[in-house]
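Okay, thanks for coming, everyone. I've got one model to walk you through today, so let me put it up on the screen.

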Amino acid sequence: MRLERLLPWVLMPNIAMAGGGGGGIVLGLIIFLPILVWGFIKLWKFWFQMIFGGLGRAQPQQGGSHPIAQSMAQANKDCPYCAEPILAKARKCKHCGSDLS
């Protein structure tokens, strides 16, 4: 038995029985070919982003930074003795050991 005769039965067995199986291949190509092409496009797009680092992605706006980064920057201050960044709530510098209260 030839493989071409089995293809409609594998793709869509109910449609293959109607009309002797001639329309199963055509209908199978109409339905499955666009899905197959879409899958290949998604796969190539994923690998392109993995290899080239997502070229074509929207760049962040220059206006401001991320809200979490802003809150973290406000939660830090510089030590008046050694000028190293420390938490704003700190009572003692972790770098030089000086008392900040």
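Quick housekeeping first. This is a predicted model, so local features need pLDDT of at least 70 and side-chain atom pairs count only at pLDDT 80 or more, while totals for chains, interfaces and linings use all residues. Residues are numbered from 1 along each chain as its sequence is written, and side-chain values use heavy atoms, with hydrogens and water left out.

The protein chain has 4 helices and 2 strands, and along the sequence they run α-α-α-α-β-β. For the record, helices (H or I, at least four residues) and strands (E, at least two) are DSSP runs, numbered from the N terminus.

How much of the protein chain is buried? Of its 101 residues, 12% count as buried.

Now look at the contacts, meaning heavy atoms within 4.5 Å. Take the ones in the protein chain with a separation of 6 or more: residues 24 or more positions apart account for 0% of them.

On to confidence. pLDDT is the predictor's confidence in each residue, from 0 to 100. The chain averages 74, and 54% of the residues score at least 70.

Next, the aromatics. We describe a pair of rings by the distance of the centres and the angle of the planes. Rings of Phe, Tyr and Trp (its six-membered ring) pair if their centres lie within 6.5 Å; planes under 30 degrees apart are stacked, over 60 edge-to-face, and the rest tilted. The structure holds 2 such pairs. One is F46 with W47, edge-to-face, at 5.5 Å centre to centre and 70° between the planes. F46 is partly exposed at 42% relative accessible area, and W47 is partly exposed too, at 44%. Then there's F48 with F52: centres 4.7 Å apart and planes at 50°, so that pair is tilted. F48 and F52 sit 4 residues apart in helix α3, residues 22-52, which means about one helical turn separates them. F48 is partly exposed at 38%, and F52 is partly exposed at 47%.

Okay, cysteines. A disulfide is a covalent bond between the sulfur atoms of two cysteines. The rule here is a pair of cysteine sulfur atoms within 2.5 Å, and by that rule the count is 0. C79 is buried at 4% relative accessible area, and C93 is buried at 3%.

While we're there, have a look at S98, in the segment after β2. S98 is buried at 17%, and it touches C79, Y81, R91, K92 and C93, leaving out residues up to four places away in sequence.

Last stop, the strands. N76 is in strand β1 and is partly exposed at 38% relative accessibility. Its C-alpha is 4.9 Å from that of A88, 12 residues along the chain. Setting aside neighbours within four places in sequence, N76 is in contact with I86, L87 and A88.

In the loop between β1 (76-78) and β2 (85-87) you'll find A83. Most residues other than glycine have a negative phi. A83 has a positive one, near 65°, and A83 counts as exposed, at 53% relative accessibility.

That's my tour, so over to you.

Key. Buried means under 20% relative accessible area, exposed over 50%, partly exposed in between (1.4 Å probe, protein chains only).
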